[in-house]
Amino acid sequence: MVVRYSEDSKNAAKQVAEEPSADRLEAMGVDEIRALVHDLHVHKIELEMQNEELRDTQATLEREKERYALLYDCAPSGYCTLTEYGIVLQCNQSLCHQLKVEPQRLLRYPLAKYLDDSGLPAFYNALKRPEERLSLQLRFIRGDREPMYGLLQLQRMQSESDATPAPWLVTISDVTRNHQLDLELRRSEGLLRQMAANFPQSYVITMDRTLRIGLAEGQAFAQRGLDPGRYFGLELEELLEDVAHELEGRAQAVFEGRKQEFEVRNDDETLFCRAIPLRGDKGRVEQLLLVVEDISERKRNELEKDTLASIAALFLHSSSLGEIFQQIAEILSRNMGYPCVALEQFDSARDEMVYLAAYGLHEIKPPLRVPTAETPSGSVARNARPLVARQCCERPDDRAGVLRRHGIRTFVCVPILLDGKVFGTLSLGDWMTRKATGSFCSMLEGIAAQLAQEISRNRLQKAMQESEKRFRLLANSLPNFVWTAEPDGRCDFLNEQWLAYAGAAEGAQLGFRWMQQVHPDDRDGVVERWNEAVSGGAAFHTELRIRSHEGSYRWFDARAVPIKNDQGKVLKWFGSHNDIEGQRRAEEALRRAQKMEAIGEITGGIAHDFNNILGIILGNIDSLTLRPDLDEGMRKHLEAIERSAERAASLTQQLLGFSRRQPARMTATDLAALLQGMQQLVARSVTPQIDVVYRLDAEAWPTEIDPGDFEDALINLVLNSRDAMPEGGRIEIRLGNRVIDERFCEAHPDATLGDHVAVTVTDTGRGIPAEQLGRIFEPFFTTKEKGKGTGLGLAMVYGFVQRSGGYIRAESAAESGTRIEILLPRTERPLPAVAEVVNEGRRDAAPSGSAHILVVDDEEGLVDLAREALQGLGYQVSTAFDGRAAVARLQENDAIDLLFTDVVMPGMNGYELLERARELRPKLKVLLTSGYASTAASEVLSEENRKGLRLLPKPYTRQELAQQVQQVLLG
């Protein structure tokens, strides 16, 4: 039951309840009080009912509040309440879970603490904006330092007062996955665009399982003026009809995960297609990627390349041009797909087209001639321009009816230009109407150009074959080695002289195999210089040794020059090898002779000074020994000094013998008799353990030599052989005749042609090492141990041979013995009847005289000795120390009877003094003296002044001086 009461009672009861004063209660009546009590009771009941309702409402509110808090915390999105400065007033558990932080780390903290720095300006600008609702995406850095992309929805809440800014209620959704997917999508689109950019003239398209176009990129769209965006959602047939038809049968395989590749051809166009499966997150193929590339140009290039290669191969392997042209027609028909092909030559002189080959035109038998005005190819030949015609069976220029009879509807013809002029034409025909594009005509023109090159090359090749044939004939007729090489340096021809020298079959030395003939010591340098010449295209020149088939090596001068075209490219190498073995040996001999000559000059100068010194020593000893008061002890000392001086004089004579300055007494000599007479001397020169064997030809030719020098030379050779065999051995001395020919002189340039007498001394000693063999004739060089040889013996032998106009050579090897051969020229002078015996006793009485003698020498000691000796013999003596002073003495004194002068003097030498003296005194007697004369008298003196001229060698004794002076005065 609901108790209802009036408003008045209610108000009165309310007033009593609010103001329960005693005065008021006393003023009221009983009924009024009862009514008031009743109203109060009702009001109480009503209040209790309101309180109960209020308690129910409050309980409901608490329950709703708990459910709201639960929903707030468990919501999938993050919620928070922010102040105008971005301070978090309240947040739910989802936000804490999203940011990986505890609630206490969020509440009362700026939300910007977890934002990436790049998003702070946008966040704070949003908080200041007046809009009621805002949305923005920011990058958060979570508590675990991992990034999170959040979508923020901001909504202003109702403010508690106008003075307080309204807070923001913020909803934060985690969109990291969406962001990643968006990045992947954009990356995929970027990759698609990049892929499309890398495929020129291509379409790059993605399609779903219904084969509708999704993304589309590629240069082919722009090249064809198409907008790729307009094809989104359309079927592929709207863009590439032929490709779509082919792809339909392959789509199932693609969506099963298998890539498909195929070509689609349409007229002159070829498309290469790749269908690639694209998988989703779960590995299922969701889309396919189609790349369509226009390979028409590449196909045409491949076709042209294959055709040109086939044509070039024909010219390489065929000889008949008719056969070549017929096969070319077949190749063109097969590769180009035209059933009829013709090759015609333009005969401008007769104004006719000559069929060289025809394929598919059975009644045409080359060489058929047709007037140029009656065939379409004639206009091409006259105008030098290609022709493309369709529906051409009734062409007015087909008067010969070739096209009409064969039903040719499509006709393509291009000129063949050779050296700027039309050689002929290349024609293709088809019975059907075909599309012949400009690129197809360009390809045919390229084939025609290559065909012209091959024709020209064929002509040149034949001309080169004839030229090479003539070159080979010429090369094989030359005495030198002639060869040619390819541009890369590989030898491709060697003439017969090379092959004969190397003992190789033709072809065995080609390429780089000829290098095997080069001496190992020269090979690396030759290869290096040859490679430098080839790489630089420069001339090649070197000297090298090449092995013959006999195993010996000879020196050659190798030269090669490159033959280049107008562009500087090397086409061929032409080279030759000239035999310079003789020249090298001559140069070596010249160097050796110059060396020995220089050594001889030095040696002669030393001998000259020694002779002067020894002359003074021996002269003074000679003077002392003549003193009557000389005791025996002093005489012995002087004799010891004299023996030493004479030994020194002997060494000096050996030096002079090497330098060829020693005066020689040349006479025709029978070497067989001389060697017979020397056997006892030779036997005394060797040890008993050595056997000496003679092989003497009694018929040996005579030779003109100084016999004494020969004996000294032979004894020196025997002594050297003896010293090489300390434990014994064998020496063979051989004498015989020898004719020296050009071949020997070529190998030994110092030798001379003609008849010679050969003297050979061979021993079985320890031999001479190869590195020392070339120096054995040098003065003071010895192979003996230190202190056991002067090194002058073989030098003296060398000097004797040179003075005699002969040749000497040595052959030896370590532990193999030594063989020395002397070749002396044959003489036609008769042998002397009786050998002249010269008595050279030194202690005989010296002849005296009373003539006036002028003594001239730059050595003061020799002048004093000569003056003393001559005055002791009764002669009147004047002296001078140089040529100018001597001339002055002759001008001052007409009574001088004999001029006794040294040859070698500074300023005016003895020869010049003789010439000047004879000008002043034509009948003046002259006696020359010298220990070394660098120039022979015959080279400087007139024939008149050479008559009766005598030379006294230094050092000389008093006896020798007296005898020579007397003979000159008496002569």
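**Close-up views of a predicted model**

**View 1. E811 and R809 form a salt bridge, with 3.3 Å between the closest N and O atoms.** A salt bridge is defined as a side-chain nitrogen of Lys or Arg within 4 Å of a carboxyl oxygen of Asp or Glu. Through salt bridges with shared partners, R738, R809, E811, R819 and E821 are joined into one network. E811 counts as partly exposed because its relative accessibility is 36%, whereas R809 counts as buried at 16%. Here buried means under 20% relative accessible area, exposed means over 50%, and partly exposed lies in between (1.4 Å probe, protein chains only). The structure holds 33 salt bridges. The model is predicted: local features need pLDDT of at least 70 and side-chain atom pairs count only at pLDDT 80 or more, while totals for chains, interfaces and linings use all residues. Residues are numbered from 1 along each chain as its sequence is written, and side-chain values use heavy atoms, with hydrogens and water left out.

**View 2. R298 and E302 are joined by a salt bridge in which the closest N and O atoms are 3.9 Å apart.** The two residues are four apart in helix α10 (residues 296-317), so about one helical turn separates them. Helices (H or I, at least four residues) and strands (E, at least two) are DSSP runs, numbered from the N terminus. E302 is partly exposed at 42% relative accessibility, and R298 is partly exposed at 40%.

**View 3. A salt bridge links the side chains of D488 and R490, at 3.3 Å from N to O.** D488 has a relative accessible area of 45% and is therefore partly exposed. R490, at 43% relative accessibility, also counts as partly exposed.

**View 4. Helix α21 (residues 707-723) contains 17 residues.** At 1.5 Å a residue, the helix should span 24 Å, and its end C-alpha atoms are 24 Å apart, which agrees. The expected span is 1.5 Å times one less than the number of residues. Buried residues of α21 include D709, F710, A713, L714 and V718. I715 also lies in this helix and is buried, with a relative accessible area of 14%. The C-alpha atoms of I715 and L681 are separated by 8.2 Å, although these residues are 34 residues apart along the chain.

**View 5. V561, I563 and F574 make a nonpolar surface patch of about 220 Å².** Patches consist of residues with over 30% relative accessible area and no salt bridge; like charges are joined within 9 Å, and nonpolar side chains (Val, Leu, Ile, Met, Phe, Trp, Tyr) within 5 Å. Accessible areas come from the Shrake-Rupley method with a 1.4 Å probe, and for residues only the protein chains shown count as cover. F574 is located in strand β21 (residues 570-579) and is partly exposed at 32% relative accessibility.

**View 6. The peptide bond from P366 to P367 is cis, with omega near 5°.** P367 belongs to the loop between β12 (352-359) and β13 (369-371).

**View 7. R108 has a positive phi of about 65° although it is not a glycine.** R108 is found in the loop between α4 (93-99) and α5 (120-128) and is exposed, with a relative accessible area of 62%. R145, likewise not a glycine, has a positive phi of about 70°. The loop between β3 (133-141) and β4 (147-156) holds R145, which is exposed at 65% relative accessible area.
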